[in-house]
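Me: Could you take a close look at one part of this model for me, the loops and what sits in them? I'd like one connected walk-through.

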Amino acid sequence: MSSPSSLSLSRRLIGVYLMFGFACLLLVIAGALALAFRGQFPNLVPYVLVAPIVILVAGAFALRRTVHLHAAIESQLSELAFQPTAATQILERVRDANPIGAGWNTLIEQLASRNALQSLESRLEEKLGHETGQAGLELLDALPEGIAFTDANGAITFANRAMMRLIGCDPDSSVTGTMFLEQLMSQSQADVEETWERLESATRSVVAELQLGAATADGVLRVARHAIKASSSTEEGYLWSVRDVTQQKLADEMRNQFVFTATHELRTPLANIKAYAETLAQNDDIDVERQHEFYNILTSEATRLGRFVDELLDISQMESGSVSLRKHETNIERLVEEVSKHVMPEARRKKIDFELRLPPKMPKLNVDKDKVTASLVNLLGNAIKYTPDEGKVRFEVVVNEHDVEFHIEDTGYGISEEELPKLFQKFFRSDDARIREVSGSGLGLAFTQDVARLHGGKVTVLSELNKGSRFVMTLPVPPKSE
Amino acid sequence: MGFGFQEAGPIFCTTLDRDPRRPGEREVLMETNAKRILLAEDNRVMGDVMRFNLERCKYDVTWVTNGKAALELLKEQEFDILLTDYQMPGLNGQELCAGFKELDRDRKIPIVMISARGLELDVDRLREDLEIVQVLYKPFSPRTLVELVQMLLAPATA
């Protein structure tokens, strides 16, 4: 600014104006003085001297006002010429309402908003550019879902650790260049033709489920393929994501089985209730004895329905962990007495040889009496139910140092080796026709095991088909306080 | 006593002057040309009430609790209608019907399959393959059962 060359255009304009004005003034004064010497118009001399000076000064002020705005803009522009990169610091709004000022201000605003956008863009670029690098790969490796990129031919360009595990490769080895679908399909023992074709032939994004074996429990993968369009930074290819949905599928199957079994178990007593109630309602002339029989059946079917609903509720509460045990100090004698009271009528009806063995001295247990009683009734009830008439059932209590064992042994139908592992599953019922003939919800053993588990105990089983079974429920004995 | 009877009157048979459970009298009924029903139902409670309602209508009901026994009876004796539950231990209703078809009797008898809804029976296929004429879903009203049997046995009666 201080250098002569940088003297602003407006200032120079004022300078030129003033010089021209002084020149004119001098000329006028010179003319006036010449006329005064000749003695013409002597009175005019003072006016001739003063008036042009006044006009000149007023003009200079007016001119200064006019060029003031332009001077501000001009000084900013000339400064910008020296520091072209510092536009945002140098350029500033002017305080003037004329069109040029307003135009200048608009220009500045536009420039500012463009700058803001640009800086955001560059920040984003910096961020994203970073993530596709090392951090991006780490992120992909940390995902539980299998992710792989392949080129347009299906050769792997990248596979994350989860994907390596899913396609049966060591996560630290390299699979780059191998064909992805071949790797994936080699994992399955099932017939994959159809799935393969579906995944390979689709032109757009596609999702397919891949069975790893004949049964759902062998594994199910959900495979999704998305096409990646070619851009400046990526080549054309595919993004594959593979998720293990076995647990989800198993849960679905179990839920369906549950609904099927539960509705069947609910419908059987319901159908009986409807049939008996309508028979009673539509026939006034049934003899009294038969009527009583029908009413008793109605009551017992309603009880059965209620019990099933209770069992269902118990099981679901225990499994969701929302049940609390009401533990009290419990006498084993009382427990055994109560259990026997429940099962003896049926044992007598079937002429079962029922043997009860108790040790002379039994400790007290700290248990939820109702639940343990119900569990033992389940075990003993099963023993009686699934033992042919005139068979043998033995109920024995064995006291150890830290626990008490309840042995329930029968000479019944027994359980086959294949069915033994499924025995404690909810709703599981043996396919054995002799067992199917007896009604049961398939919930008793699941309940019993849950009760034992909640008490810190367990239920074990030994069984041989057509020979009999032995169930042992173990409950811990609380340490003596004295 | 009065109004319930009125409602039941047109469909249900009036009081039988016999105890349906007394076997001696059933022999008499058989001789008097009562229609013979074979009922295969594994649920004892349900079977009992079905037999009760059918016997009140003077049908001669033979009730077995499994498919195998039903098939044995079908081999040995003549029946006018077969009512069978779908879910039974051993031989289920469908297998029973298939076994019966294999006997290839000259005289065709109507078959009613009783099933719990939700088993997703392919009714059309059952009709085509096994000559089942009706499927009755549980829970059903005993009146529906009796009406159905009456309808299926009507042409011969008339």
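**A close look at the loops**

Reply: A:Phe41 sits in the loop that runs between α1 (9-37) and α2 (45-82) of chain A; helices (H or I, at least four residues) and strands (E, at least two) are DSSP runs, numbered from the N terminus. This is a predicted model, where local features need pLDDT of at least 70, side-chain atom pairs count only at pLDDT 80 or more, and totals for chains, interfaces and linings use all residues. Residues are numbered from 1 along each chain as its sequence is written, chains are lettered from A and ligands numbered from 1 in the order in which they are written, and side-chain values use heavy atoms, with hydrogens and water left out.

Back to A:Phe41: with a relative accessible area of 54%, it is exposed (buried means under 20%, exposed over 50%, partly exposed in between; 1.4 Å probe, protein chains only).

On to another loop of chain A, the one between α11 (332-349) and β7 (353-357), where you'll find A:Lys351. A:Lys351 counts as exposed too, at 57% relative accessibility, and has a positive phi of about 55 degrees although it isn't a glycine.

Last stop, the loop between β5 (132-138) and α7 (142-157) of chain B, which holds B:Pro139. The peptide bond joining B:Lys138 and B:Pro139 is cis, with omega about -5 degrees.
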